Amino acid sequence: MKCQTCPSPATLHITEIVKGVAAEHHFCDECAQQYLSQAEAKGNDLPPGVAADEEGESKLKELDQLACPNCGITFKEFRKQGRLGCPHDYVAFQEELLPLLESIHGETQHFGKVPKRTPDDSRKQYRLIKLRGELKVAIAEESYEQAAKLRDEIQQLEQETQTAPAEEETE
Amino acid sequence: MKLDELIQSSGEWLRGEGPEADIVISTRIRLARNLSQFPFLTRADEAARVEIERILSGQIARLASRKSLNYFDVTSLQRLDRQFLVERQLISRELSEGQGPRGVGFSTAENVSLMVNEEDHLRIQVLRSGLALESCWQEINQIDDLLEEQVCFAFNEQLGYLTACPTNCGTGIRVSVMLHLPALVQTKEIQKVFQALHKIGLAVRGLYGEGSQAMGDFYQISNQTTLGKSEEQLIKNLKDVIPNIIGYERRCRTALVKENRQGLHDQVSRAYGILKSAQTITSEETMQHLSSLRMGINLGLIEDLPIPTVNELFIFTQPAHLQKLRHSSLDSGERNVARASYLRERLAPQN
């Protein structure tokens with residue numbers, strides 16, 4: 001990958017969150033230094049050009065005040081240290097985090113191992129969400145045999161989640 | 001087990017066995033996990049950290065019978081002992097230099113390690129000699145399953161396993177393969193490899209992971225992203241690309257031999273000569289010569305030295321190991337003398 005301002009290879013990759021939107025920058029060492037010192041001179045960590053946007057700035061200030069009701073960490077603290085405060089932050093800051101996750105991972109939906117035991121039996125809930133989506137598609141495509149199969153599976157899962165002792169997820 | 005007993009042996013992953021062991025030193029997989037009912041460590045007070053450590057060390061004790069794990073409270077270890085464990089790849093620098101209640105459980109063979117209260121509540125690691133992605137995954141997945149029978153890890157349907165740093169969420173997995181690439185370094189072809197790997201979303205790091213220098217021509221190749229692909233897919237990405245790098249390194253080695261066999265033989269023999277006879281030597285110089293020597297053995301230019309010995313020397317000539325071997329604290333100058341003396345002993349003809 002090349003530096004975005006000169007032909008040298010990019011060695012530094014910066015992900016910046018501006019107004020809750022993540023932006024990626026790729027620089028060589030020299031240009032990165034220049035970029036960072038410019039941002040510092042402006043007294044904030046916004047890229048040049050965006051910093052002049054007053055509306056953006058006030059929005060960012062508002063965003064920084066956002067706090068997780070569970071652990072109390074503010075979005076500003078997270079931005080500063082790069083570490084979240086508790087698992088609930090992923091819900092509390094979801095709107096702000098999703099663009100960041102998208103730029104880090106290129107994806108925003110987990111696909112992989114699911115714990116056998118999850119709080120609130122969420123694995124079954126997750127499967128239900130997925131099956132209901134598939135049922136919709138099957139009906140739209142008039143694949144009635146497939147739809148009937150999915151409906152049976154959904155009913156069975158619904159019964160199972162209803163019988164789970166602490167869960168009262170009746171549909 | 002006492003920590004001091006470790007100096008008598010070395011980890012199983014250094015044995016130089018397993019597929020492609022001439023180039024692939026080791027395969028490592030780690031999983032990041034957090035207990036769902038506690039805040040992450042940045043927001044965890046002393047009481048919470050104590051409780052997390054109590055729960056997880058209890059779980060490690062429960063696993064101990066199956067995996068022969070030894071648990072160490074890292075706060076009660078001396079600085080030298082902590083550094084010693086870092087050099088052996090059993091704990092990270094972050095755990096060694098961290099604050100508050102924390103610990104590590106590792107297996108006697110040194111191929112399983114569970115760090116408590118590092119960046120996440122729990123970091124599970126499985127390490128193997130050679131290219132062994134599947135068996136690493138099988139074992140770590142099994143350990144994770146055993147733990148999940150008893151504890152609830154932070155997880156959500158959309159973002160998977162939730163971690164303190166958003167760069168690890170999803171699978172929480174880091175799959176790394178440590179390669180010895182002296183010919184690619186010498187021919188300066190390594191830059192092309194880095195660029196190609198970067199393009200397909202793989203990261204390159206030095207011997208001791210994030211931020212560490214590439215010493216002794218060792219490079220760790222690992223997945224950069226953790227969300228949106230399954231563990232198997234992420235492992236497969238690496239599995240597909242590693243043989244290409246191995247092939248590239250082999251071709252470079254063959255070319256070096258073909259172009260100037262005598263010159264290469266001379267370079268390798270001089271490296272061996274210096275290691276066998278120096279009276280004082282820095283860690284950096286040692287690494288550089290050991291790297292040449294290791295390649296020389298693999299090319300059949302040096303015949304009287306087994307690979308596991310060389311692998312071991314990379315670790316045993318590091319600062320904390322030397323001080324453990326000498327049972328005393330040594331400054332940098334004294335270490336250089338001790339290092340040279342240790343190398344002469346280990347490389348003397350009768351060994």
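Guide: One term comes before the tour: a contact means heavy atoms within 4.5 Å. Keep in mind too that this is a predicted model.

Visitor: In chain A, what percentage of the contacts with a separation of 6 or more come from residues 24 or more positions apart?
Guide: Take the contacts in chain A with a separation of 6 or more. Then pick out those between residues 24 or more positions apart. Their share is 33%.

Visitor: Which elements does chain A hold, and in what order do they run?
Guide: Chain A has 7 helices and 2 strands. Of its 171 residues, 35% count as buried. Read from the N terminus, the order is β-β-α-α-α-α-α-α-α.

Visitor: On to chain B. In what order do the strands of its open sheet lie?
Guide: The sheet has 8 strands, with antiparallel pairing. Its edges are S2 (69-73) and S9 (202-205) of chain B, each pairing on one side only. On average, neighbouring strands are turned by 20° against each other, direction ignored. The order is S2-S3-S4-S5-S1-S8-S10-S9.

Visitor: How many residues of S1(B) are buried?
Guide: S1(B) has a paired strand on either side in the sheet order, S5 and S8. Buried here means under 20% relative accessible area. S1(B) is mostly covered, and its buried residues number 10 of 10.

Visitor: Which residue is the bridge partner of B:Ile29 in S8(B)?
Guide: S1(B) and S8(B) pair in the antiparallel sense. They share 7 bridges. In S8(B), the partner of B:Ile29 is B:Val175.

Visitor: And which residue of S5(B) stands opposite B:Arg33?
Guide: S1(B) is joined to S5(B) by 8 bridges. Those two strands run antiparallel. Opposite B:Arg33 stands B:Leu122.

Visitor: Which residues of S4(B) are buried on each face?
Guide: In a regular strand the side chains alternate between the two faces of the sheet. S4(B) is mostly covered, with 5 of its 5 residues buried. Both of its faces are covered. One side holds B:Val112, B:Leu114 and B:Val116; the other holds B:Ser113 and B:Met115.

Visitor: Which residue of S5(B) stands opposite B:Leu114?
Guide: On the S3(B) side, 4 bridges join S3(B) to S4(B), running antiparallel. There, B:Leu114 is the bridge partner of B:Gly105. On the S5(B) side, 5 bridges join S4(B) to S5(B), also antiparallel. B:Ser113 stands opposite B:Gln125, and B:Leu114 stands opposite B:Ile124.

Visitor: Which residue in the turn between S4(B) and S5(B) has a positive phi?
Guide: In the hairpin of S3(B) and S4(B), with 4 residues between the strands, B:Glu110 takes a positive phi near 65°. The hairpin of S4(B) and S5(B) has 5 residues between its strands. Its turn has a positive phi of about 60° at B:Asn117.

Visitor: At what angle does helix H7 of chain B run to S8(B)?
Guide: Helix H7 covers residues 231-277. It lies across S1, S8, S9 and S10 of chain B. Its angle to S8(B) is about 10°.

Visitor: Which elements do the buried residues of H2(B) pack against?
Guide: H2(B) spans residues 79-87, and B:Phe84, B:Leu85 and B:Val86 are among its buried residues. After the helix comes B:Gln89, with a positive phi near 70°. The packing partners are H3, S3, H9 and H10 of chain B.

Visitor: Which helix gives the largest share of the lining of the largest cavity?
Guide: The whole structure has 3 cavities of 30 Å³ or more. The largest has a volume of about 60 Å³. Its lining divides into 8 nonpolar residues, 1 polar and no charged, with B:Trp13, B:Phe218 and B:Asn311 among them. The largest share, 3 residues, comes from helix H9 of chain B.

Key: Residues numbered from 1 in each chain as written. Chains lettered and ligands numbered in written order. Predicted model: local features only at pLDDT ≥ 70, side-chain atom pairs only at ≥ 80, totals over all residues. Heavy atoms only, no water. 1 Å grid on protein atoms, 1.4 Å probe; cavity = no way out; pocket = protein on both sides within 12 Å on 5 of 7 lines; lining within 4 Å. Points joined across faces, edges and corners; volume = space filled by probe spheres on them. Nonpolar A, V, L, I, M, F, W, Y, C, P; charged D, E, K, R; others polar. Buried < 20%, exposed > 50% of the residue type's maximum accessible area, 1.4 Å probe, protein only. Pairing = 2+ DSSP bridges. Axes fitted to C-alpha atoms, helices over the stretch in contact; angles between N-to-C directions.
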